[in-house]
Amino acid sequence: MGENWIGVFPVEDALEMILIFNRTGEIIYANAAARNKLGYEPGLESGEESLEGKHISDVFPAGAGNSEAVLDTQAKHLVMYRKNRTCFPAETKFLQGEEDGCRICMANDILEKEHLAREIEQVREEAGQAAKVKSEFVANVTHELRTPVNGILGNVRELLGGPLEERTAKALQLIERCCGDMNKIIDNILDFSKLEAGKFTLEPRKFHFRNMLDYIKAQHISRITEKGLDFFLTVSPQVPEYVEGDELRIVQILNNLLSNALKFTAVGKITLQALLTARVDKKVEIFFLVSDTGIGIAREDRDKLFKSFSQVDASISRKYGGTGLGLNICKQLVELMGGSIEVESEIGRGSSFSFSVWVGECGEDAGPAPDDIKAAFRNLPRMAEDEGDVKRYGTVSNREALEKNLSKLILSVEMENWEKAEMFMETVRQLTENAPPDIKRRTLRLKMAIQKEDYEKVTAEFDTLYHNSLTGDEARESGP
């Protein structure tokens with residue numbers, strides 16, 4: 001009978017173990033893989049014990065007391081015993097033969113597979129435990145950091161409420177700003193840790209959309225105007241008055257994008273637009289566009305923006321600060337709200353960050369306004385052209401920007417607010433990058449005088465620079 005099975009199935013050299021046994025459970029054929037795995041490989045000595053003639057229960061002792069149970073089993077995982085009575089797990093399959101009630105057992109040794117599975121599970125458990133420990137550590141550390149920072153902040157604000165000398169007040173205001181920056185960094189680290197651990201959850205609620213944007217504008221407008229920039233906020237009339245979403249996280253994203261726009265823009269304007277782009281059932285997609293006329297980003301560096309702990313280059317971090325976490329967190333928050341975030345930019349001609357989120361609609365409003373979106377993007381090249389014109393020394397827009405920033409600069413000097421004076425000085429430097437050599441030298445000398453807080457030197461250099469930069473006359477002087 002065994003020969004007949006071999007003729008039908010060429011299984012001698014098969015990689016899996018093949019056993020053929022009759023209705024009484026007697027093994028009538030075993031292929032090479034079965035003989036090798038079970039330790040019955042024929043030797044040179046005569047009388048070597050053979051696997052053929054053994055009972056199936058010798059291989060599967062679990063059914064020794066009931067051979068029919070073994071013959072009829074359909075279990076996929078069984079324990080197989082070798083000749084020396086050691087065992088190993090096997091993935092098995094039993095088939096009914098067509099002749100004389102014979103049956104076929106096909107089996108694969110899964111000892112290595114199970115061992116690897118156990119190792120993988122152990123590694124997974126260890127990784128999960130490590131992530132949990134890291135998450136708890138970050139939460140504890142950020143809490144411990146926040147406590148002293150808030151303590152310092154509270155005491156500083158209490159001191160600022162009383163009479164102070166100007167120099168002391170200036171130092172305390174700097175400490176207050178540093179504490180605020182530290183709290184933002186702590187919040188970013190905590191959010192990043194939660195997002196990485198998959199424990200971050202959104203908290204949607206109903207809120208007034210335009211009131212949210214007014215709140216964001218109030219947070220940034222003073223710093224934007226102090227820097228001599230213009231700020232424009234527009235909302236499409238199709239956007240509902242009330243929506244349901246995570247207001248706190250939308251504010252967080254917009255704050256981050258506007259802070260970056262302010263950080264990297266010295267001349268021109270910052271624009272925030274909100275448009276309705278789609279409606280599905282009771283959900284609407286709102287599209288936000290944050291544009292600036294700042295330093296811009298090279299095409300090859302854009303992919304770095306949304307990676308954690310990544311900035312375009314080291315000089316950006318040194319000059320402007322930051323952890324490189326903000327945009328990565330924004331990207332993950334936007335994706336949690338069903339949207340995506342993109343950037344369009346060009347070196348020296350500004351950047352435009354756009355993102356969309358899906359929120360619940362609360363109220364009746366008109367449909368999408370695709371024309372608003374097209375108009376918004378049509379404005380981007382024009383904004384870039386305006387920015388290029390502002391930076392071209394001698395143009396009308398350049399002289400207007402210079403006059404505005406120089407006026408604010410000298411006012412800051414008169415008030416002995418040297419920090420603001422340095423800020424306006426940096427803008428003036430950028431506006432005179434393409435100026436004649438004499439003007440550029442005057443600008444450098446003015447900047448050095450401001451850094452030294454030398455009032456007399458500043459006023460002397462300022463008068464000459466102000467006159468020559470606005471009239472177009474070059475200063476005639478000897479020496480470097």
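A nonpolar core is a set of buried Ala, Val, Leu, Ile, Met, Phe, Trp, Tyr and Cys residues joined through side-chain atoms within 4.5 Å. Buried means under 20% relative accessible area, exposed means over 50%, and partly exposed lies in between (1.4 Å probe, protein chains only). The largest such core here has 43 residues. This is a predicted model: local features need pLDDT of at least 70, side-chain atom pairs count only at pLDDT 80 or more, and totals for chains, interfaces and linings use all residues. Residues are numbered from 1 along each chain as its sequence is written, and side-chain values use heavy atoms, with hydrogens and water left out.

**Overall picture**

- The protein has 15 helices and twelve strands. Both are DSSP runs, numbered from the N terminus: helices are H or I with at least four residues, strands are E with at least two.
- Of the 480 residues in the protein, 41% are buried.
- The protein exposes about 26,200 Å², and carbon and sulfur atoms supply 53% of that area. Accessible areas come from the Shrake-Rupley method with a 1.4 Å probe; for residues, only the protein chains shown count as cover.
- Contact means heavy atoms within 4.5 Å. Among contacts with a separation of 6 or more, 65% join residues 24 or more positions apart.

**The nonpolar cores**

- In the largest core, the residues with the most contacts inside it are Phe209, Met212, Leu213, Ile250, Leu254, Phe288 and Phe355.
- The elements giving two or more residues to this core are α7 (209-226), α8 (247-263), β9 (269-280), β10, α10 (326-336), β11 (341-345) and β12.
- Helix α8 gives the most to this core, with eight residues.
- A second, separate core has 24 residues, including Val390, Ala401, Phe424 and Ile439.
- Phe209 is in contact with Val235, Val239, Pro240, Glu241, Val243, Ala274, Ile286 and Phe288, leaving aside its neighbours within four places in sequence.

**Aromatic rings**

- A search of the whole structure finds four aromatic pairs. Rings of Phe, Tyr and Trp (its six-membered ring) pair if their centres lie within 6.5 Å; planes under 30 degrees apart count as stacked, over 60 as edge-to-face and the rest as tilted.
- The rings of Phe288 and Phe355 have centres 4.8 Å apart and planes at 15°, so this pair is stacked.
- The pair links distant parts of the chain: Phe288 is in strand β10 (residues 283-292) and Phe355 is in strand β12 (residues 351-362), 67 residues apart.
- Both Phe288 and Phe355 are buried.
- Ring pairs also link Phe21, Phe60 and Phe94 into a cluster.
- The charged end of Lys206 sits over the ring of Tyr242, 5.0 Å from its centre. A charge sits over a ring if NZ of Lys or CZ of Arg is within 6 Å of the ring centre and within 35 degrees of the ring normal.

**Cysteines**

- The count of disulfides is zero. A disulfide is a pair of cysteine sulfur atoms within 2.5 Å.
- Cys87 has 39% relative accessibility, so Cys87 counts as partly exposed.
- Cys102 has 2% relative accessibility, so Cys102 counts as buried.

- Ser345 is in strand β11. Ser345 is buried, with a relative accessible area of 10%.
- Not counting residues up to four places away in sequence, Ser345 touches Gly296, Ile297, Arg302, Gly350 and Ser351.
- The C-alpha atoms of Ser345 and Ala298 are separated by 7.1 Å, although the two are 47 residues apart along the chain.
- Ile410 is in helix α12 (residues 396-414). Ile410 is buried, with a relative accessible area of 18%.
- Ile410 touches Thr459 and Phe462, not counting residues up to four places away in sequence. The C-alpha atoms of Ile410 and Phe462, 52 residues apart along the chain, are separated by 7.8 Å.

**Positive phi angles**

- Arg85 is not a glycine, yet has a positive phi of about 75°. Arg85 lies in the loop between β3 (77-81) and β4 (87-96), and its 43% relative accessibility counts as partly exposed.
- Asp281 is not a glycine either, and has a positive phi of about 55°. Asp281 is in the loop between β9 and β10, and its 72% relative accessibility counts as exposed.
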